[in-house]
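Me: I have a structure to go through with you. I want each label checked against its definition.

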Amino acid sequence: MRVIFLGPPGAGKGTQAARLAAELGVPRISTGDMLRAAIAQGTPLGQQARPSMGRGNLVPDELLLALVRERLTQPDCAGGCVFDGFPRTLGQARGLEQMTEGTAHAWLVFEIEVPREVLLLRLSGRRWCPGCQATFHVVNDPPRRPDVCDACGRALVQREDDQEAVVAQRLRQYDERTAPLVEHYRSRARLVPVDGDRTMDVVFRELLEAVEVRA
Ligand code: AMP
């Protein structure tokens with residue numbers, strides 16, 4: 001099975017995708033994590049992606065499609081995967097369809113819905129580990145020691161693009177470029193709307209039920 005998560009920044013895609021991937025025993029493919037790692041390593045891809053990311057804009061489709069195409073050739077993806085933050089445009093969705101044509105996987109698309117004011121609270125309190133990319137929230141999911149990563153002990157920071165002005169642009173990009181994917185997938189995959197304004201555990205149980213129904 002291949003799973004796609006649609007939802008605005010702050011909807012909880014990363015957390016839920018990580019749990020679901022672990023449960024299904026398939027990799028989570030987070031294009032945001034891959035791009036942040038490329039920036040940290042100073043690779044050519046990182047240098048190309050950085051200006052768009054810093055302003056809250058989407059990185060060009062051709063870069064994303066090359067990144068995902070390469071990732072899908074790795075053997076751990078043979079049994080399926082959970083995409084987190086990809087596809088985000090119609091061009092990416094079409095590119096993904098072309099690159100996976102002829103494979104036997106079923107597609108399940110979750111659309112995570114969360115009210116705007118809740119998204120803003122979640123994003124402003126989000127803290128991120130530049131070492132292992134784990135995320136926390138100062139109120140909803142605090143680390144054991146304030147501002148220190150539970151997993152690797154590094155100091156937590158606020159992601160550059162979680163700052164207020166950038167968040168507004170990311171939300172605009174979602175509305176304009178990613179939200180139309182809901183219609184795109186309605187006729188092409190099993191699309192499951194999920195109320196994401198509930199606890200992580202309750203949302204996760206609902207995802208698992210949908211996966212089991214599908215399987
Ligand atoms: P995320 O961690 O998924 O919120 O992604 C952070 C940022 O990385 C986004 O605001 C974009 O600038 C960039 N990005 C991640 N995934 C994609 C994608 N599929 N298409 C274009 N840009 C992306």
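Reply: Start with burial: buried means under 20% relative accessible area, exposed over 50%, and partly exposed in between (1.4 Å probe, protein chains only). The model is predicted, so local features need pLDDT of at least 70 and side-chain atom pairs pLDDT 80 or more, while totals for chains, interfaces and linings use all residues. Residues are numbered from 1 along each chain as its sequence is written, and side-chain values use heavy atoms, without hydrogens and water.

Me: Which residues of helix H6 are buried?

Reply: In H6 (residues 116–124), Leu119, Arg122 and Leu123 are buried. Helices here are DSSP runs of H or I with at least four residues; strands are E runs of at least two, and both are numbered from the N terminus.

Me: Why are they put on the same side of H6?

Reply: They cover an arc of only 95° around the axis, so they share one side of H6. The arc is that of the directions from the helix axis to the C-beta atoms. On the other side, Glu117 and Leu121 are exposed.

Me: What do the buried residues of H6 pack against?

Reply: They pack against strand S5 (126–128), strand S6 (135–137) and helix H7 (164–178). Contact means heavy atoms within 4.5 Å.

Me: How many helices and strands does the protein chain have?

Reply: The protein chain has 9 helices and 7 strands.

Me: Why is the chain called as compact as a globular protein of that length?

Reply: Its radius of gyration is 17 Å, close to the 17 Å from the globule rule for 215 residues, so the label holds. The radius is taken over C-alpha atoms; the rule is 2.2 Å times the number of residues to the power 0.38. Buried residues make up 48% of the 215.
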